[in-house]
Amino acid sequence: MRNKKVLIIDDEEDLGILMKHFFTPKKYDVYVAHTIAEGMKLLEEQKPDYIFLDNNLPDGLGWGKTEFILVNYPQTKLNLISALDVPKTSASSFRILEKPVLWEELTKMFG
């Protein structure tokens, strides 16, 4: 049985490190990208089970890839994260997390 895979696409290096420390002991394989381009490449290569996608990235708005991910990777659970203007939604196909991402919130989601 393979480990589940988590892809974090966020330009904040500290967040990537913290999330890696959260998921690795839980036996997840964690991949971190700092741009949309890097993230889309890792998405194609790794086909992760979970994605944490920041909105404001150096090469554009990450949330602009939401529809592409939901259509082309329907098995992937998408989590959108942002510190600015976080909309509320009742969408069941993805979750929106506000920065700073709280350890307690991740623990509720992933045990």
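Where does K47 lie? K47 is placed in the loop between α2 and β3, in a predicted model whose local features need pLDDT of at least 70, whose side-chain atom pairs count only at pLDDT 80 or more, and whose totals for chains, interfaces and linings use all residues. Residues are numbered from 1 along each chain as its sequence is written, and side-chain values use heavy atoms, with hydrogens and water left out.

We can begin with the overall fold. Four helices and seven strands make up the secondary structure of the protein, where helices (H or I, at least four residues) and strands (E, at least two) are DSSP runs numbered from the N terminus. Read from the N terminus on, the elements follow the order β-α-β-α-β-β-β-α-β-β-α. The radius of gyration is 13 Å, close to the 13 Å that the globule rule gives for 111 residues, so the protein is as compact as a globular protein of that length. For this comparison, the radius of gyration is taken over C-alpha atoms, and the globule rule is 2.2 Å times the number of residues to the power 0.38. The C-alpha trace spans about 35 × 30 × 30 Å along its principal axes.

Of the 111 residues, 43% are buried; buried means under 20% relative accessible area, exposed over 50%, and partly exposed in between, with a 1.4 Å probe and protein chains only. The accessible surface comes to about 6,500 Å², and carbon and sulfur atoms account for 54% of that surface. These areas come from the Shrake-Rupley method with a 1.4 Å probe, and for residues only the protein chains shown count as cover. Among contacts between residues at least 6 apart in sequence, 62% join residues at least 24 apart, a contact being heavy atoms within 4.5 Å.

Charged side chains come next. The protein carries 14 positive and 17 negative side chains, and the centres of the two sets lie 9 Å apart. Lys and Arg count as positive and Asp and Glu as negative, while His and the chain ends are not counted; the place of a charge is taken as NZ of Lys, CZ of Arg, CG of Asp or CD of Glu. Six salt bridges are present in the structure, each defined as a side-chain nitrogen of Lys or Arg within 4 Å of a carboxyl oxygen of Asp or Glu.

One of these salt bridges pairs E12 with K99, with the closest N and O atoms 2.9 Å apart. This pair links distant parts of the chain, 87 residues apart: E12 is in the loop between β1 (4–9) and α1 (13–23), and K99 is in the loop between β7 (94–98) and α4 (103–110). E12 is partly exposed, at 41% relative accessibility, whereas K99 is buried, with a relative accessible area of 13%.

K99 also meets the side chain of D54 in a salt bridge, at 3.3 Å from N to O. D54 lies in strand β3 (residues 50–54) and K99 in the loop between β7 and α4, so this pair ties together parts that are 45 residues apart in sequence. Both D54 and K99 are buried. Through salt bridges that share partners, D10, E12, D54 and K99 are joined into one network. The backbone at K99 deserves a look as well: the peptide bond from K99 to P100 is cis, with omega near 0°. P100 is found in the loop between β7 and α4.

K41 is exposed, with a relative accessible area of 51%, and E45 is partly exposed at 44%.

G16 has its place in helix α1 and is buried, with a relative accessible area of 4%. Not counting residues up to four places away in sequence, G16 touches I8 and V32. E13 is also found in helix α1, but E13 is exposed, with a relative accessible area of 53%.

Finally, two lysines have positive phi values. Phi of K27 is near 70°, and K27 sits in the loop between α1 and β2 (28–33), where K27 counts as exposed at 59% relative accessibility. K47 has a positive phi of about 45° although it is not a glycine, and K47 counts as partly exposed at 40% relative accessibility.
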